[in-house]
Amino acid sequence: MDPVKPRPQPRLVEVGPRDGLQNEKNPVPLEAKVAFIDALSETGLKEIEAGAFVNPKSVPQMANSEQVFARIKRKPGVLYSALVPNEIGLDLALAVKADKISVFTAASETFNAKNIKATISQSIERFRPVVARSRAARLPVRGYVSTAFWCPYEGKVAPEKVVEVVKRLSGLGVSEFSIGDTIGKASPDEVRRLLFLLLKAVPKDSVFLHFHNTFGRAVANAIVAWKTFGITGFDASTGGVGGCPYAPGASGNVATEALVSAFKAAGSDPGVDEAKLKAAAAGLFKHLGRPVGARPAK
Ligand code: HMG
Ligand code: MG
């Protein structure tokens with residue numbers, strides 16, 4: 001086997017403006033969010049999750065997502081997606097002309113109950129009209145499955161459970177799945193085990209991996225998934241900002257610039273400009289008042 005044969009080009013989804021900023025303790029000014037997204041739009045990224053239409057009492061940082069969508073400069077060829085938990089969120093996302101809708105559930109009941117106040121089954125029922133209406137509006141729908149490896153409350157999660165949730169989402173018409181290592185604890189072997197099962201159920205191009213980087217394994221996990229299974233979809237957050245307010249102790253997503261650098265070193269260029277990513281991160285962290293990559297003080 002040729003050890004350096006060309007490998008498929010990774011497709012990166014930037015989730016920093018949503019997953020990254022949702023966990024900030026202090027309000028992030030609207031201008032800072034808009035400037036961050038506008039800077040990301042110039043990096044070569046093809047998809048940016050620009051905000052969330054969730055209960056503002058649950059996640060106050062996302063409360064101004066409407067204004068964010070209204071003010072960003074949309075670059076042709078870039079998709080600006082929105083996270084929505086229900087039809088109220090969908091109405092808001094449609095009103096601001098989001099290009100793509102992301103629904104979100106989990107593979108563990110306790111996390112799901114804390115995050116969206118529903119059982120997994122209830123959340124999937126809630127998504128039924130959301131997915132149908134999104135598809136009627138010709139918008140692609142992504143389905144997140146959180147706690148796909150570990151749950152902060154229940155511990156290890158069985159891969160079979162993840163596959164079951166993905167199949168149920170697929171049955172609703174969800175066409176893309178983002179598999180979340182919500183607390184950043186997965187190991188490369190756990191990633192292999194899950195993908196081995198999951199790829200029997202859905203096509204590999206429909207799978208995105210969403211690694212948080214609490215234990216520093218996210219880049220290794222991504223490279224393993226890419227090299228072993230040919231997975232090309234990865235979520236990341238510029239500057240490594242972020243975390244989930246309902247996953248205590250979890251750190252941000254893998255940094256977009258770290259993934260770009262690792263993929264380039266491994267022989268495939270995701271087509272995203274590292275210097276521009278670093279500049280976008282520097283601009284954002286200036287507003288956050290801490291060095292790039294640093295976590296908020298607790
Ligand atoms: P609930 O309290 O059951 O909702 O929350 P409800 O339907 O009873 O409504 C309560 C209030 O919320 C009402 O307002 C609704 O109008 C309002 P009130 O009458 O009290 O004034 N409301 C909304 N407002 C704006 N937009 C909406 C909306 N829905 C209801 N869409 C709900 C259920 C799901 C809404 C709530 O729990 C929620 O919003 N949760 C969001 C939690 C969240 O955003 N978590 C972080 C994102 S997930 C994540 O980070 C993981 C991920 O990155 C992957 C990974 O890492 O694993 C995706
Ligand atoms: Mg996340």
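Me: What makes Q22, N55, N115, S146 and T182 part of the surroundings of ligand 1 in this predicted model?
Reply: A residue counts as near a molecule if one of its heavy atoms lies within 4 Å of it. In total 28 residues surround ligand 1, and these five are the closest.

Me: How do you know that Q22 makes a polar contact with ligand 1?
Reply: An N or O atom in the Q22 side chain is 2.7 Å from an oxygen atom of ligand 1, and the limit for a pair of N or O atoms is 3.5 Å. For N55, a backbone N or O atom lies 2.8 Å from an oxygen atom of the ligand. The protein covers 75% of the 1100 Å² of accessible area that ligand 1 has on its own.

Me: Which pocket does ligand 1 take up, and which element gives the most to the shell around ligand 1?
Reply: The space taken by ligand 1 is the largest pocket. Elements giving two or more residues to the shell are α1, α4 (87–95), α5 (109–116) and β5 (141–146). The most comes from α4, with three residues.

Me: What does the pair D19 and H212 tie together?
Reply: D19 lies in helix α1 (residues 16–20) and H212 in the loop between β9 (207–211) and α9 (218–229), so the pair ties together parts 193 residues apart in sequence. D19 and H212 are both buried.

Note on methods
Residues numbered from 1 in each chain as written. Chains lettered and ligands numbered in written order. Predicted model: local features only at pLDDT ≥ 70, side-chain atom pairs only at ≥ 80, totals over all residues. Heavy atoms only, no water. Helix = DSSP H or I, 4+ residues; strand = E, 2+ residues; numbered from the N terminus. Buried < 20%, exposed > 50% of the residue type's maximum accessible area, 1.4 Å probe, protein only. Polar contact = N/O pair within 3.5 Å; in protein donor to acceptor, adjacent residues only side chain to side chain. Areas by Shrake-Rupley, 256 points an atom, 1.4 Å probe, with all protein chains shown as cover. 1 Å grid on protein atoms, 1.4 Å probe; cavity = no way out; pocket = protein on both sides within 12 Å on 5 of 7 lines; lining within 4 Å. Sits in = over half its atoms within 2 Å of the grid points.
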